[in-house]
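Student: I'd like a close look at just one part of this model, the place where two of the chains meet. Walk me through what holds that contact together.

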Amino acid sequence: MGRAAGGAHSRHRGAEVTDAPAPGAAMHALVRELYPICRSITGDGLRQTLARLGGDIPLVRHEVPTGTRVFDWTVPREWNIRDAYVKNPAGERVIDFRRHNLHVVNYSVPVHRTMTLAELRPHLHSLPDRPELIPYRTSYYKESWGFCLPHRQLEQLPDTGYEVCIDSTLEDGHLTYGECLVEGRTQEEVLISCHACHPSLADDNLSGLAVATFLAQHLAKQPRRYSYRFVFVPGTIGAITWLSRNEELTRNIRHGLVLTCIGDRASFTYKRSRRGNAAIDRAVEHVLSHADPGHKVVPFSPYGYDERQYCSPGFNLPVGCLMRSHHGQFPQYHTSADNLDFVTPQALAGAFDTLLSVFDVLEHDGHYLNLKPRCEPQLGQRGLYGATGGSGPKQVEMAMLWVLNFSDGEASLLDIAQRSGMPFAVVREAAALLERHDLLARAT
Amino acid sequence: MGRAAGGAHSRHRGAEVTDAPAPGAAMHALVRELYPICRSITGDGLRQTLARLGGDIPLVRHEVPTGTRVFDWTVPREWNIRDAYVKNPAGERVIDFRRHNLHVVNYSVPVHRTMTLAELRPHLHSLPDRPELIPYRTSYYKESWGFCLPHRQLEQLPDTGYEVCIDSTLEDGHLTYGECLVEGRTQEEVLISCHACHPSLADDNLSGLAVATFLAQHLAKQPRRYSYRFVFVPGTIGAITWLSRNEELTRNIRHGLVLTCIGDRASFTYKRSRRGNAAIDRAVEHVLSHADPGHKVVPFSPYGYDERQYCSPGFNLPVGCLMRSHHGQFPQYHTSADNLDFVTPQALAGAFDTLLSVFDVLEHDGHYLNLKPRCEPQLGQRGLYGATGGSGPKQVEMAMLWVLNFSDGEASLLDIAQRSGMPFAVVREAAALLERHDLLARAT
Amino acid sequence: MGRAAGGAHSRHRGAEVTDAPAPGAAMHALVRELYPICRSITGDGLRQTLARLGGDIPLVRHEVPTGTRVFDWTVPREWNIRDAYVKNPAGERVIDFRRHNLHVVNYSVPVHRTMTLAELRPHLHSLPDRPELIPYRTSYYKESWGFCLPHRQLEQLPDTGYEVCIDSTLEDGHLTYGECLVEGRTQEEVLISCHACHPSLADDNLSGLAVATFLAQHLAKQPRRYSYRFVFVPGTIGAITWLSRNEELTRNIRHGLVLTCIGDRASFTYKRSRRGNAAIDRAVEHVLSHADPGHKVVPFSPYGYDERQYCSPGFNLPVGCLMRSHHGQFPQYHTSADNLDFVTPQALAGAFDTLLSVFDVLEHDGHYLNLKPRCEPQLGQRGLYGATGGSGPKQVEMAMLWVLNFSDGEASLLDIAQRSGMPFAVVREAAALLERHDLLARAT
């Protein structure tokens with residue numbers, strides 16, 4: 001439905017729009033490819049993921065050493081894992097990292113010993129209310145280890161001895177993140193940020209990685225005013241690291257979005273920036289109001305993904321968060337049910353289309369001046385308006401009336417689109433027609 | 001219902017109010033008299049209409065020559081028509097201008113020849129969804145000719161030869177409009193504008209012409225602060241012409257209304273001025289909130305009647321549009337069903353009353369100062385307040401409390417009426433009582 | 001219900017909160033004690049009432065002589081009453097002041113004579129729509145006398161002669177009011193005002209007197225920033241008298257509340273101050289939004305109790321009015337049904353708790369600055385945040401995120417509480433934790 005709406009909308013985007021279908025299948029293929037990798041906030045899984053994205057777009061990989069101070073935080077030791085299991089006396093792996101990487105608490109320290117079920121029990125995590133699902137658990141900043149498993153399985157574990165093994169390392173190393181800058185005509189930037197630290201969770205956030213990657217690819221082929229900076233970082237510590245190393249650069253950020261959980265079947269949810277009425281907020285809300293009747297807009301709150309950092313009061317960047325299902329509020333969230341079936345090519349394509357429409361607003365919004373502001377100009381004379389009275393004006397004719405009436409230097413094209421209830425693309429087309437006939441000029 | 005509400009309301013209007021019933025019957029008679037005339041944006045039908053109004057009020061008629069530049073437009077050639085018909089081989093008029101002037105596309109160029117149905121067909125206009133009605137069509141700015149007829153009749157026209165005749169002229173001449181100024185104590189003006197160019201359409205806009213004429217007559221007999229300027233113009237080109245010849249004068253316009261479709265049985269619809277919160281907007285909305293529970297208020301949009309010109313950004317005058325049925329949104333609109341049965345004396349009278357109430361607000365709104373602002377003054381001592389406790393205060397007593405409490409120079413009487421939920425007339429009466437007892441004075 | 005909610009809420013109030021149950025039973029006992037006294041706007045009933053309150057709190061009694069000018073008013077003669085009755089020919093008291101003091105119109109001048117029912121009838125007041133109840137009537141400023149009785153009884157009075165006696169005096173004397181100042185660390189004041197002039201009416205306003213008295217007692221034992229001034233005055237004339245004698249002092253008033261009808265079983269109604277967005281308005285609305293889901297907020301209007309005087313435009317003090325049932329809008333209002341059963345210990349205790357929560361907001365609201373404003377500080381490191389990822393943050397953890405994100409000097413703790421939807425007490429606790437860890441400081 002997002003797809004259909006996005007598609008309908010894209011008819012108005014004019015010249016830059018390729019007729020090619022949005023690359024839903026290709027994005028889903030990328031999600032499938034990345035899904036098995038065991039990512040974390042540091043380590044080789046994260047590196048491998050960024051390397052894969054770097055195959056599609058020019059991605060610069062940064063390595064920040066363990067121990068580096070980043071504002072109030074410190075880059076932690078690097079975590080890597082090769083294998084993990086719990087074996088029963090018969091030597092069978094009753095819990096097996098190789099079958100699903102969610103089985104191990106992310107950042108578990110190494111362990112290898114035999115223990116009773118009673119000893120093991122405090123290290124086992126499950127979801128009693130969703131007994132079939134493996135939960136996702138982490139312990140980044142407190143040394144610990146553990147396993148996650150379906151509650152049904154946990155309840156049936158025989159009371160016997162077990163061989164417990166986590167073959168991991170937690171050592172000085174690096175925190176890795178990736179960055180791709182698609183330069184535009186100006187140094188003003190649009191920031192797109194995705195967390196890239198989750199292991200086998202498809203919607204959260206391989207969907208974001210895939211959509212961002214394809215957007216970067218697509219934008220590189222279009223003329224554009226803004227530079228688009230794509231940042232793929234481990235959640236929290238990665239965004240904090242990026243901000244601490246790029247304080248100067250943040251001055252160029254005009255608009256920004258965190259993308260997450262953007263590939264499932266739900267309608268969109270947009271979480272506003274801390275400012276609440278930034279241009280990005282208005283642009284996204286406008287596009288969603290036409291493209292997705294079921295969408296929701298929620299105010300900023302200081303809990304969520306990396307908008308927390310971008311919108312901390314010392315930065316207060318105009319960065320919102322675009323999702324479909326709202327993180328933390330759907331039963332599949334942070335479980336093994338956030339899998340390859342949970343995200344669809346259609347939903348990924350709808351997100352892609354929607355974001356292109358948002359960028360179209362950001363690129364082309366502006367203030368114009370009606371050059372014949374006293375009474376209406378005679379549009380019919382110029383072939384811009386149906387000559388025979390009786391039937392009402394066409395949509396673009398109506399849009400010309402709106403643009404002429406409100407282009408007094410106060411209202412931008414987006415303001416006019418909102419006030420008229422028309423899609424931005426139609427208003428923009430009307431403005432272009434009027435400009436071509438010397439009835440409108442960009443305000444300076 | 002509008003009538004009843006307006007009547008109830010008028011009880012509070014105090015001294016200026018005549019006890020005579022609002023002249024509903026007389027207005028309807030004027031509509032009936034004007035209905036048969038074939039008006040257009042130029043020509044003798046328009047002249048004849050203005051001459052008739054000039055019989056009731058001092059109307060100055062202006063003639064503007066063809067070819068005159070008015071902003072981006074040019075005054076067109078003058079159109080006049082004597083007769084028009086389509087005759088079948090038997091010599092019978094199957095379509096006859098004399099039976100209904102809507103049968104001819106307004107501004108049709110002359111034609112006289114025989115043709116087949118196939119040749120005639122592109123010149124015939126009908127409404128398939130309302131097959132009994134004759135549509136109203138015009139072709140002012142593109143030379144063309146045509147006939148309008150019920151769809152049912154169109155479908156039954158025999159496939160034969162027809163004699164087609166439009167005995168019209170389109171020649172250099174003049175555009176005519178009328179103006180009536182009812183001077184007040186000040187040069188500040190209230191503008192009332194009606195389009196006067198439609199042929200046999202009763203609600204759109206003989207209703208506006210009739211109500212405006214009777215208002216002009218009525219106001220001339222009342223003391224008044226504002227000067228009231230009534231402008232009767234052909235739609236669009238007429239308003240543009242008037243504005244182009246009166247740019248200086250527009251500086252005096254404090255409030256204005258376009259009146260149209262004001263005589264049918266529906267509740268009122270008020271379309272706000274472009275400013276959205278002008279005094280006229282607040283006054284009309286206040287009066288309607290008490291007089292017509294079913295009324296609607298809609299925001300300004302740059303499509304409609306001549307508010308489009310008055311509210312173009314180069315003028316941005318505080319001019320709203322008062323209607324009952326919203327133009328373009330009712331099935332009788334621009335068809336032969338907008339006839340003498342569609343408008344009623346009651347509805348015309350209700351519009352008349354409502355507009356007098358609006359003018360009452362405009363005339364008497366103002367800022368006052370409570371002269372005893374610390375605690376309440378003792379109204380009972382002055383005979384202004386019921387002496388025995390127990391039952392609540394009367395409406396005017398309550399209004400005195402509101403006026404005293406909020407007359408701090410910030411809130412006007414209209415503000416207080418809105419805030420208290422009381423009719424302006426009651427608040428005004430309370431203010432007058434308080435002023436008489438030296439408890440209130442006009443702010444300077 | 002108010003009680004339960006208030007109780008739940010009070011768990012967060014921290015150090016100042018006593019664990020003792022709110023003194024509902026004791027307040028109800030005080031109401032019972034005061035109920036039989038025949039109060040008026042002057043006289044011994046009022047004096048006796050203030051003397052009783054002075055037994056619990058240090059109350060200063062003021063006596064203002066008859067004839068004193070107080071703004072636009074004059075202190076009236078003092079009224080006292082010993083007895084009143086209507087006797088039938090058999091000498092039986094068919095109406096007897098000793099059975100209920102509402103039987104006499106308050107401020108009745110003395111009368112003693114025999115008269116027919118027809119002569120007596122204009123002096124009898126009843127409520128045809130509530131035939132079992134005795135109404136409450138006054139005639140302070142117009143010399144008059146009368147009796148009030150149930151309509152059922154009135155209808156059955158035999159048509160015979162009656163001995164009518166009102167043994168009252170109306171003579172030069174004094175108007176009495178009481179004042180209790182609970183001094184705080186600053187001279188900034190919170191004003192609590194209750195009218196104390198009604199005879200046997202329990203909710204209106206013995207409930208206000210009882211709650212205010214117990215609040216004064218409670219506050220005296222707590223550390224506090226504000227000074228709390230409790231004013232017990234006859235309605236209207238008493239508040240006007242107090243204001244006329246304390247104009248200078250009103251400059252210290254930062255917040256204020258009129259308390260009335262606060263002991264019945266209904267949800268709270270808060271009537272805003274004339275300013276509409278004063279700190280007291282925001283504080284009360286915040287507390288009620290968490291404590292009483294059924295509460296209502298109504299805008300200021302210049303009719304009601306003494307907020308009319310405090311909010312007259314020459315003072316415009318930030319004084320709202322807290323009620324349960326809205327005066328004038330419940331059937332028991334100003335009748336014998338406003339009795340000791342109509343108020344409950346639970347409701348009085350709920351009002352007490354709610355007001356303490358409001359004072360807690362007033363005392364502790366303030367602006368803070370995040371001392372680590374770039375990105376989030378690492379709360380987990382400081383033991384302020386749960387270390388194991390997976391489950392969501394606790395309420396106080398979430399509150400810390402809100403306080404950190406919005407403590408930029410613009411938003412106060414109450415603003416943050418409102419924006420986050422969290423109770424003020426939780427936000428205040430979060431701020432205290434952050435301040436203790438040097439992450440937050442009071443803005444100067």
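Tutor: Let's start with the interface of chain C and chain A in this predicted model, where 12 residue pairs are in polar contact, both residues at pLDDT 80 or more (N or O atoms within 3.5 Å; within protein, one must be able to donate a hydrogen and the other to accept it, and sequence neighbours count only if both atoms are side-chain atoms). On the side of chain C that touches chain A, helix H11 of chain C (residues 395–406) brings the largest share, six residues (helices are DSSP runs of H or I, at least four residues, and strands are E runs of at least two, numbered from the N terminus).

A bit of housekeeping: residues count from 1 along each chain as written, and chains are lettered from A and ligands numbered from 1 in written order. Local features need pLDDT of at least 70 and side-chain atom pairs 80 or more, totals for chains, interfaces and linings use all residues, and side-chain values use heavy atoms without hydrogens or water.

Back to chains C and A: 24 residues of chain C contact 24 residues of chain A (heavy atoms within 4.5 Å). Together the two chains bury about 2,200 Å², and carbon and sulfur atoms account for 53% of it (accessible area, 1.4 Å probe, lost on being put together, summed over both). Chain C gets 31% of the area it buries against chain A from Arg374(C), Cys375(C) and Glu376(C), more than from any other three residues. Five salt bridges cross between chain C and chain A (a Lys or Arg side-chain nitrogen within 4 Å of an Asp or Glu carboxyl oxygen). In the one formed by Asp72(A) and Lys372(C), the closest N and O atoms are 3.9 Å apart.

Now zoom in on Arg308(A), which sits in helix H9 of chain A (residues 307–310). It counts as buried because its relative accessibility is 11% (buried is under 20%, exposed over 50%, partly exposed in between, 1.4 Å probe, protein chains only). Leaving out residues up to four places away in sequence, Arg308(A) touches Glu376(C), Tyr385(C), Leu401(C) and Asn405(C), along with Pro302(A) and Tyr303(A). The side chain of Arg308(A) also reaches the backbone oxygen of Pro302(A), at 3.5 Å.

Five salt bridges turn up between chain C and chain B, among them Arg274(C) with Asp408(B), whose closest N and O atoms are 3.0 Å apart. There are also 12 residue pairs in polar contact here, both at pLDDT 80 or more.

Arg274(B) lies in the loop between strand E14 (269–271) and helix H8 (279–291) of chain B, and it is buried because its relative accessible area is 8%. Its side chain makes a polar contact of 2.6 Å with the side chain of Asn405(A) and another of 3.2 Å with that of Asn316(B). Beyond four places in sequence, the residues that Arg274(B) touches include Phe406(A), Asp408(A) and Arg419(A) from chain A and Phe300(B), Cys311(B) and Pro313(B) from chain B.

Finally, chain A itself has 13 helices and 19 strands, and 62% of its 444 residues are buried.
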